[in-house]
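Please go through the salt bridges of the model below and the surroundings of their side chains.

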Amino acid sequence: MVREIRLTPNDVQHFVNVASRCDFDIDISYNRYVVDAKSFLGVYGLDFRKPLKVSYEGHDSEFEELLRRLAIAS
């Protein structure tokens with residue numbers, strides 16, 4: 001599944017904490033840069049002015065709720 005979100009520097013710690021509790025891989029990317037969403041330094045190094053794509057295969061209700069809160073309105 002791929003979701004598009006917007007993060008701020010203040011959101012990073014909470015996002016990484018929630019992602020780290022998931023038992024499946026989660027990648028976050030923009031353009032050609034892809035990082036492990038469970039890596040604080042990787043996520044913090046992204047450009048927060050751009051929409052970010054979160055790719056994952058699994059389900060966790062807390063993570064889904066976080067993605068809904070951070071989702072970019074279509």
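Q: Is arginine 3 buried, partly exposed or exposed?
A: This is a predicted model, in which local features need pLDDT of at least 70 and side-chain atom pairs count only at pLDDT 80 or more, while totals for chains, interfaces and linings use all residues. Residues are numbered from 1 along each chain as its sequence is written, and side-chain values use heavy atoms, without hydrogens and water. Buried means under 20% relative accessible area, exposed over 50% and partly exposed in between (1.4 Å probe, protein chains only). With a relative accessible area of 22%, arginine 3 is partly exposed.

Q: Which residue forms a salt bridge with arginine 3?
A: A salt bridge is a side-chain nitrogen of Lys or Arg within 4 Å of a carboxyl oxygen of Asp or Glu. For arginine 3, the closest N and O atoms are 2.9 Å apart, and the partner is glutamate 64.

Q: How many residues apart in sequence are the parts that arginine 3 and glutamate 64 tie together?
A: Helices (H or I, at least four residues) and strands (E, at least two) are DSSP runs, numbered from the N terminus. Arginine 3 lies in strand β1 (residues 2-5) and glutamate 64 in helix α3, so the parts tied together are separated by 61 residues.

Q: Is glutamate 64 buried or exposed?
A: Glutamate 64 belongs to helix α3, residues 61-70. Its relative accessible area is 8%, so glutamate 64 is buried.

Q: What is the N to O distance between glutamate 62 and arginine 21?
A: Arginine 21 is exposed at 53% relative accessible area, whereas glutamate 62 is partly exposed at 37%. Their side chains meet in a salt bridge, with an N to O distance of 2.8 Å.
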